[in-house]
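Good morning, and thank you for making time for this presentation. Please have the sequence and the model in view while I speak.

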Amino acid sequence: MGTHACRKQMVQWMWRWSFCPVAASRGHMPFCTTQQEPHQANPSRTGQVAHSPVTQLTLSSLLEMGFSETQAEKMHEGAVKSRGKHVPSVLTALLLLGLNPSSILKIMHKCPEVYSLRAADVQQRIERLRKMGLVEGSLQRMISYYPKVMVLPIKRVNMVSRLLREKCHFTVLQVTDILKESPEVLEEDLAQVEYKFQYAYFRMGVRHAEMVKAKLFRLSLPELRCRHCFLERRGLYQTPDKKGQTLIVNPPLKDVLCVSEETYLTQVAMATVEEFHVFCKLMAREQEEEGREDEYSSDEDEELGEDKDDEDGDGQHRRKHHWNTGYKKDRK
């Protein structure tokens with residue numbers, strides 16, 4: 001079902017189903033999933049019905065939205081398990097966005113937390129993504145691929161966007177492309193995101209445009225280091241000098257990162273799976289040892305700092321003399 005057909009179907013569904021009476025009186029108009037027949041209502045229960053509007057989906061309402069019988073059963077089952085109170089309005093927002101029932105079902109399967117959202121939350125996140133440059137088509141693909149973007153706090157999205165712009169110096173358009181192609185970066189530790197950029201920029205000599213093209217932020221930092229260092233130690237990659245020159249021709253970053261492990265090994269690294277896996281294990285061991293050394297050095301520096309604070313002036317000269325050879329005391 002295309003975008004136009006989905007929206008047409010949604011409009012028809014909106015007109016067929018009645019509004020909740022109490023919600024409408026309060027200025028809100030969520031959709032009920034059962035129709036109210038005034039002549040069949042029990043007068044003695046009028047007050048109770050008014051204060052307890054129906055909020056759960058039914059199979060018939062899902063069929064009216066355009067879901068097949070099988071899809072409707074799966075959606076209904078998920079809604080019941082989640083106990084979401086605003087599922088009808090959330091589905092309405094997704095259908096009006098142009099997503100078809102099949103895509104919506106996949107979204108709910110990937111990220112059941114969407115069942116618990118409110119339509120206002122969904123709309124707020126959609127508008128925020130639009131303001132960041134995600135246009136129609138790209139926006140729908142991003143949500144379908146990474147539906148968790150709708151449950152992440154907007155503050156988190158803003159923090160990652162600001163980090164990429166201010167500390168990594170990507171342009172606004174490049175940040176939009178990163179979020180569109182690698183939305184996983186939104187959940188990654190900010191320090192790791194920055195370090196991954198620094199590693200690619202300084203250690204590998206890669207520029208911003210090539211990072212974006214190669215979808216750098218889809219890989220974890222250990223994966224990036226393993227693929228790069230494996231090539232480097234095999235003599236197939238070299239860090240460019242200050243002028244950006246190398247003695248060998250480095251493979252494009254997209255050929256290193258944007259391919260499967262099999263393609264990477266057969267066409268770029270020219271190595272076997274066993275060799276690469278052994279190397280990755282050795283790399284992991286090296287990282288653990290470096291981490292322990294850094295931790296030990298940090299503890300030692302703290303102890304030295306405390307000792308330095310406790311010493312008098314002569315003690316400071318002695319400590320400085322110990323760590324800086326050739327030091328001479330000032331003449332009085």
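Predicted model: local features only at pLDDT ≥ 70, side-chain atom pairs only at ≥ 80, totals over all residues.

I begin with Lys215, which sits in the loop between α13 (208–213) and α14. Helices here are DSSP runs of H or I with at least four residues, strands are runs of E with at least two, and both are numbered from the N terminus. Residues are numbered from 1 along each chain as its sequence is written, and side-chain values use heavy atoms, with hydrogens and water left out.

Although Lys215 is not a glycine, its phi is positive, at about 55°. Its relative accessible area is 25%, so Lys215 is partly exposed. On this scale, buried means under 20% relative accessible area, exposed means over 50%, and partly exposed lies in between, with a 1.4 Å probe and protein chains only. Met270 is also not a glycine and has a positive phi of about 55°. Met270 is found in the loop between α16 (261–269) and α17, and it counts as exposed because its relative accessibility is 54%.

Let me now turn to the overall picture. The protein has 18 helices and zero strands. Of its 332 residues, 36% count as buried. Contact means heavy atoms within 4.5 Å; among contacts between residues at least 6 apart in sequence, 65% join residues at least 24 apart.

Gln174 belongs to helix α11 (residues 172–181). Leaving aside residues up to four places away in sequence, Gln174 touches His208, Ala209 and Val212.

Next come the aromatic rings. Rings of Phe, Tyr and Trp (its six-membered ring) pair if their centres lie within 6.5 Å; planes under 30 degrees apart count as stacked, over 60 as edge-to-face and the rest as tilted. How many aromatic pairs does this rule give? The count comes to seven aromatic pairs. Phe230 lies in helix α14 (residues 221–233) and Phe279 in helix α17 (residues 273–310), so the pair ties together parts that are 49 residues apart in sequence. Phe230 counts as buried because its relative accessibility is 4%; Phe279, at 10%, therefore counts as buried too. Elsewhere, Phe170, Phe197, Tyr201, Phe202 and Phe217 form one aromatic cluster.

Finally, the cavities. A cavity is a set of points on a 1 Å grid over the protein atoms alone where a 1.4 Å probe fits but cannot get out, and lining residues have an atom within 4 Å of a point. The whole structure contains three cavities of 30 Å³ or more, and the largest cavity holds about 40 Å³ of space. Its lining consists of Arg125, Arg128, Leu129, Val149, Leu152, Pro153, Ile154 and Val157. Both α8 (119–131) and α10 (154–166) supply at least two residues of this lining, with the largest share, three residues, coming from α8. By residue class, the lining of the largest cavity divides into six nonpolar, no polar and two charged. Here Ala, Val, Leu, Ile, Met, Phe, Trp, Tyr, Cys and Pro count as nonpolar, Asp, Glu, Lys and Arg as charged, and the others, Gly among them, as polar.

Methods: 1 Å grid on protein atoms, 1.4 Å probe; cavity = no way out; pocket = protein on both sides within 12 Å on 5 of 7 lines; lining within 4 Å. Points joined across faces, edges and corners; volume = space filled by probe spheres on them.
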